[in-house]
Amino acid sequence: MSINELQDQVIEEFSDFDDWMDRYQLLIDLGNEQEPLEEKYKTEQNLIEGCQSRVWLQADLVDGKIYLKAESDALIVKGIVALLIRVLSGHTPDEILNADLYFIDKIGLKEHLSPTRSNGLLAMVKQIRLYALAFKAKMNG
């Protein structure tokens, strides 16, 4: 599935809930369903700066596609990371770099997150894009 199809799927899931408490619950559930990150990936290097809670992000390039894994010690943040992974993992560096992540606005995440969480979300997206750039350079090198 394309990144946009995956985004549309997420938007649809969230549109089932009008109440933000329910949407937060959905985020928490998504975070809890995620496989825990192996200890060996919980390194300083994988820690995302700009997040108030601790978020580790591991990216691997397999057959030209980037696979992401992550974990956070905060429930809501873990859910947000789970969404980003669902939408972006398994795509090529170019697809990730060219993606317009409209789902973040569409499901109301931006307006319902505290400024620090919102910054954390941007930091996660930025980090994923940096990984994509690095892998792209490696592939073309």
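Which residues are buried in α3? In this predicted model, the buried residues of α3 are Ile76, Val77, Lys78, Gly79, Ile80, Val81, Ala82, Leu83, Leu84, Ile85, Val87 and Leu88. Burial here denotes a relative accessible area under 20%. Helix α3 is largely enclosed by the rest of the structure, because 12 of its 14 residues are buried.

Helix α3 covers residues 75-88. The distance from its first C-alpha to its last is 20 Å, close to the 20 Å expected at 1.5 Å a residue. Gly90, which follows α3, has a positive phi, near 85°.

Ile85, one of the buried residues of α3, is also among the residues that line the largest pocket. This pocket holds about 170 Å³ of space. Besides Ile85, the lining includes Gln34, Glu35, Pro36, Leu37 and Glu38, together with Leu68, Lys69 and Ala70. Strand β2 (residues 65-72) supplies three residues, the largest share of the lining. By residue class, the lining of the largest pocket comprises five nonpolar, three charged and one polar.

Aromatic contacts were considered next. The count of aromatic pairs in the model is one. A contact between a charge and a ring involves Lys42 and Trp56: the charged end of Lys42 sits over the ring of Trp56, at 5.2 Å from the ring centre.

Methods: Residues numbered from 1 in each chain as written. Predicted model: local features only at pLDDT ≥ 70, side-chain atom pairs only at ≥ 80, totals over all residues. Heavy atoms only, no water. 1 Å grid on protein atoms, 1.4 Å probe; cavity = no way out; pocket = protein on both sides within 12 Å on 5 of 7 lines; lining within 4 Å. Points joined across faces, edges and corners; volume = space filled by probe spheres on them. Helix = DSSP H or I, 4+ residues; strand = E, 2+ residues; numbered from the N terminus. Nonpolar A, V, L, I, M, F, W, Y, C, P; charged D, E, K, R; others polar. Phe/Tyr/Trp six-rings, centres within 6.5 Å; stacked < 30°, edge-to-face > 60°. Lys NZ or Arg CZ within 6 Å of the ring centre and 35° of its normal. Expected span 1.5 Å × (residues − 1). Buried < 20%, exposed > 50% of the residue type's maximum accessible area, 1.4 Å probe, protein only.
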